[in-house]
Amino acid sequence: MKLHDLKPDKGSKRRRRRVGRGIAAGQGKTAGRGHKGQGARSGGGKGPYFEGGQLPLVRRLPFKRGFTNIFATVYQEVNVDMLEARFDDGAVVNASALEAAGLVRDAEKPIKVLGRGELEKRLEVHANKFTKSAAAKIEAAGGIAHAHALKVTGARATVKRLRKVDLQRLYGEADPI
């Protein structure tokens with residue numbers, strides 16, 4: 001095969017339609033635009049929202065208010081009464097134990113312990129955050145509440161525009177939960 005043997009695939013190259021070049025061309029006279037009306041005129045047609053004078057869909061829908069913070073930290077929530085129901089006295093409750101017990105979906109994502117319910121068992125609980133009431137209930141039952149700092153990575157670290165050294169100083173090394 002040589003360069004002069006190369007050809008585009010059949011049907012891949014089509015001639016440009018030449019409109020308004022007489023009746024023999026098939027697209028003569030009105031050039032496919034029909035007779036009169038808005039579409040026949042130069043610059044014809046309204047914007048993408050125009051619905052012939054009817055109130056456009058965009059204006060019929062209610063306003064979307066507020067915004068969603070894409071950098072917000074979303075915590076998986078676990079209540080004290082759930083810990084009471086699922087764990088034995090003296091157990092170590094960490095992210096993997098919570099996932100195994102079916103209380104959180106993903107052990108990698110941050111966990112917050114909330115204070116609903118009562119706790120009688122002595123538990124050692126590891127999480128990223130505790131409410132004051134949850135920490136008080138765990139410690140009142142003779143347990144320990146270990147709060148582990150979140151490791152700031154990805155977009156949240158980029159938005160801060162800080163050097164790694166400054167990030168470590170602010171947030172510290174993330175403890176394995």
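Me: Which residues does Leu98 touch, not counting residues up to four places away in sequence?
Reply: This is a predicted model. Contact here needs heavy atoms within 4.5 Å. Leaving out residues up to four places away in sequence, the partners of Leu98 are Val78, Leu83, Phe87, Val93, Leu103, Val104 and Ile111.

Me: How many residues are in the largest nonpolar core?
Reply: Leu98 is among the residues with the most contacts inside this core, and so are Leu83, Phe87, Val113, Leu123, Val125 and Phe130. In soluble globular proteins, nonpolar side chains tend to be buried together. The count for the largest nonpolar core is 21 residues.

Me: Which element gives the largest share of this core?
Reply: At least two residues each come from helix H2 (80-86), helix H3 (95-100), strand E3 (111-114), strand E4 (124-127) and helix H4 (132-140). The largest share is 3 residues, and the element that supplies them is H4.

Me: What is the strand order of the open sheet that contains E1?
Reply: The sheet has 3 strands with parallel pairing. Strand E1 (76-79) and strand E5 (129-130) pair on one side only, which makes them the edge strands. E1 and E3 run parallel and are joined by 4 bridges, and Glu77 stands opposite Lys112 in E3. The order is E1-E3-E5.

Me: Which residue in E4 is the bridge partner of Val92?
Reply: Another open sheet of 3 strands has the order E2-E4-E6, and its pairing is parallel. Its edge strands are strand E2 (92-93) and strand E6 (144-147). E2 is joined to E4 by 2 bridges. In E4, Val92 has as its bridge partner Glu124.

Me: Is Asn94 buried or exposed?
Reply: Asn94 lies in the loop between E2 and H3. The cut-off for a buried residue is under 20% relative accessible area. Because its relative accessibility is 18%, Asn94 counts as buried.

Me: Which residue has the backbone nitrogen that the side chain of Asn94 reaches?
Reply: A polar contact requires N or O atoms within 3.5 Å. The side chain of Asn94 comes to 2.9 Å from a backbone nitrogen, that of Ala97.

Me: How many aromatic pairs does the structure hold, and what sits over the ring of Phe50?
Reply: For a pair, ring centres must lie within 6.5 Å. The number of aromatic pairs is 0. At 5.3 Å from the centre of the Phe50 ring, the group sitting over it is the charged end of Lys46.

Notes:
Residues are numbered from 1 along each chain as its sequence is written. This is a predicted model: local features need pLDDT of at least 70, side-chain atom pairs count only at pLDDT 80 or more; totals for chains, interfaces and linings use all residues. Side-chain values use heavy atoms; hydrogens and water are left out. Rings of Phe, Tyr and Trp (its six-membered ring) pair if their centres lie within 6.5 Å; planes under 30 degrees apart count as stacked, over 60 as edge-to-face and the rest as tilted. A charge sits over a ring if NZ of Lys or CZ of Arg is within 6 Å of the ring centre and within 35 degrees of the ring normal. A nonpolar core is a set of buried Ala, Val, Leu, Ile, Met, Phe, Trp, Tyr and Cys residues joined through side-chain atoms within 4.5 Å. Buried means under 20% relative accessible area, exposed over 50%, partly exposed in between (1.4 Å probe, protein chains only). Two strands pair if DSSP finds at least two bridges between them. A polar contact is a pair of N or O atoms within 3.5 Å; within protein, one must be able to donate a hydrogen and the other to accept it, and residues adjacent in sequence count only if both atoms are side-chain atoms.
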